[in-house]
Amino acid sequence: MRMTLLASMLLATLSPPARADDPAVIANGLYLARAGDCIACHTRPDGPVFAGGRAMPTPFGTIYSTNITPDRDTGIGAWSADDFYRTMHEGRFPNGGLLYPVMPFASYTKVTRADSDAIFAYLRSVPPVHQPNRENDLRFPYNNRQLILGWRTLFFQAGEYVPDAAKSAEWNRGAYLVQGLGHCGMCHTPINALGGNSESRAFEGGMIPMQDWYAPSLTSNKEAGLGEWDIGEITDLLRNGVSRRGAVYGPMAEVTFNSLQYLDDADVRAMAIYLKSLAEGSPLAPETTSIPAPESSLLLHFGQTVYDARCASCHGADGRGKPPEYPPLAANPSIQMASAVNPIRMVLNGGFPPGTAGNPRPFGMPPFAQSLSDDEVAAVVTYIRAAWGNRGTAVSSRQANELRSAPLN
């Protein structure tokens with residue numbers, strides 16, 4: 001069983017530091033690097049692992065991830081453990097230069113020194129790759145790194161995670177992983193025009209910039225809040241990508257594939273306990289209302305016709321699906337959210353939950369972008385959001401058309 005966060009912090013003050021070349025330290029570093037999903041950003045598709053160069057579009061231009069292999073000239077081979085910790089903890093390069101906040105240092109600052117050292121030891125053990133870092137392509141004035149000082153003043157506060165003494169060790173371990181290495185708030189917290197988010201609105205959900213996916217609120221059971229789920233359902237979703245309540249798609253499927261499926265039982269359970277606590281006590285029924293008459297009768301009839309022909313064979317005429325293979329649509333908060341982006345994208349583009357050890361052959365949904373018109377997509381999504389007691393609002397053909405050109409990642 002993994003050591004609790006509180007116990008590990010205490011023992012760290014009593015035990016001598018472990019050697020960086022200790023196989024146990026390196027193995028723990030691999031585990032923690034997976035928990036932080038480092039590979040997702042620092043590996044270009046079909047490129048060498050951790051050699052960087054992955055393009056990350058932002059509203060301010062494109063940023064390219066850096067080489068974090070132990071190559072001395074183009075990677076982090078000349079760095080010390082102190083340098084690496086400063087980068088994680090303060091968002092600064094060894095020479096004092098400022099990192100752009102697309103690197104989630106605002107979350108990684110919560111990571112303990114011992115865990116930072118373990119990750120660094122692991123990265124020092126991977127094969128070095130000589131690949132120079134690519135220059136970012138940012139518009140003026142965002143290409144001036146000194147502007148980050150203003151961003152940091154508004155949105156960044158350095159500091160390792162401080163356990164809440166009023167909570168259990170499991171809750172604290174889950175909070176440490178979700179808030180820190182997991183950097184879940186990067187997507188699930190609203191981002192403003194300056195590219196920052198507020199602690200006061202942590203995990204309240206929002207659009208993921210440049211990806212056209214909506215990361216639902218984790219604090220509200222009206223969206224993706226898990227307050228009404230049991231712990232087993234949450235752990236299934238995190239580790240396997242599917243549960244009897246639903247499945248993960250889009251950016252979250254990548255997180256499960258690269259990261260969450262590798263976490264051990266204790267840590268997945270700890271995350272589940274923390275995530276469940278964020279929405280406990282939140283109302284379940286969405287505040288939205290069904291579409292008004294007389295428009296509703298024609299639109300819903302049209303949408304039902306499309307649904308019966310295209311969707312009912314998997315999701316059922318009653319919308320209950322066949323979980324976990326085919327997620328339920330009836331009484332599904334993620335279908336009824338104020339934002340209809342995700343269900344529209346699923347109808348247009350389809351998709352698969354991630355292939356994981358717990359779900360190695362996932363059932364997928366076919367794309368309908370080529371076979372359904374904008375009017376048909378809007379009608380069927382409207383029907384799904386309003387049928388079987390669901391209370392979502394109507395979707396327009398314009399919304400469907402705008403999402404046809406959305407990036408597929």
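The lining of the largest cavity consists of 7 nonpolar residues, no polar residues and 1 charged residue. The model is predicted, and every value below is computed from it.

**The cavity**

- The count comes to 1 cavity of 30 Å³ or more.
- The volume of the largest cavity is about 30 Å³.
- Its lining is formed by V306, R310, C311, V347, M365, F368, L372 and V380.
- Arg counts as charged, so R310 supplies the 1 charged residue of this lining.

**Helices α8 and α12**

- Helix α8 covers residues 169–181 and helix α12 covers residues 265–279; their axes lie 7 Å apart and form an angle of about 85°.
- Angles of 65 to 115 degrees count as roughly perpendicular, and α8 and α12 are therefore roughly perpendicular to each other.
- On the α8 side, the contact is made by E170, W171, R173, G174, A175, L177, V178 and Q179.
- On the α12 side, the contributing residues are D267, R269, A270, M271, I273, Y274, L275 and S277.
- By class, the residues of the contact of α8 with α12 comprise 9 nonpolar, 3 polar and 4 charged.

**Helices α2 and α6**

- Helix α2 packs against helix α6 (residues 113–125) at an angle of about 100°, and the two axes are 7 Å apart.
- This angle makes α2 roughly perpendicular to α6.
- From α2, the residues V25, I26, N28, G29, L30, L32 and A33 take part in the meeting of the two helices.
- From α6, the partners are D115, A118, I119, A121, Y122 and S125.
- The residues of the contact of α2 with α6 divide by class into 9 nonpolar, 3 polar and 1 charged.
- Asp counts as charged, so D115 is the 1 charged residue in this contact.

**Cis peptide bonds**

- The peptide bond that runs from F140 to P141 is cis, and its omega is near 5°.
- P141 belongs to the loop between β3 (137–138) and α7 (148–155).
- The peptide bond from P323 to P324 is cis, with omega near 5°.
- P324 is placed in the loop between α14 (312–315) and α15 (333–336).

- D37 is not a glycine, yet its phi is positive, at about 55°.
- The position of D37 is in the loop between α2 (23–35) and α3 (38–42).
- Is D37 buried or exposed? The relative accessibility of D37 is 11%, and buried means under 20%, so D37 counts as buried.
- D46, another residue other than glycine, has a positive phi near 65°.
- D46 sits in the loop between α3 and β1 (55–58).
- The relative accessible area of D46 is 85%; exposed means over 50%, and D46 is therefore exposed.

**Residue A386**

- A386 is part of helix α17, which spans residues 374–386.
- With a relative accessible area of 15%, A386 falls under the 20% limit and is therefore buried.
- Which residues does A386 touch, not counting residues up to four places away in sequence? A386 touches L300 and G392.
- A386 and D73 are 313 residues apart along the chain, and their C-alpha atoms are separated by 58 Å.

Note on methods. Residues numbered from 1 in each chain as written. Predicted model: local features only at pLDDT ≥ 70, side-chain atom pairs only at ≥ 80, totals over all residues. Heavy atoms only, no water. 1 Å grid on protein atoms, 1.4 Å probe; cavity = no way out; pocket = protein on both sides within 12 Å on 5 of 7 lines; lining within 4 Å. Points joined across faces, edges and corners; volume = space filled by probe spheres on them. Helix = DSSP H or I, 4+ residues; strand = E, 2+ residues; numbered from the N terminus. Buried < 20%, exposed > 50% of the residue type's maximum accessible area, 1.4 Å probe, protein only. Contact = heavy atoms within 4.5 Å. Axes fitted to C-alpha atoms, helices over the stretch in contact; angles between N-to-C directions. Parallel < 35°, antiparallel > 145°, perpendicular 65-115°, else oblique.
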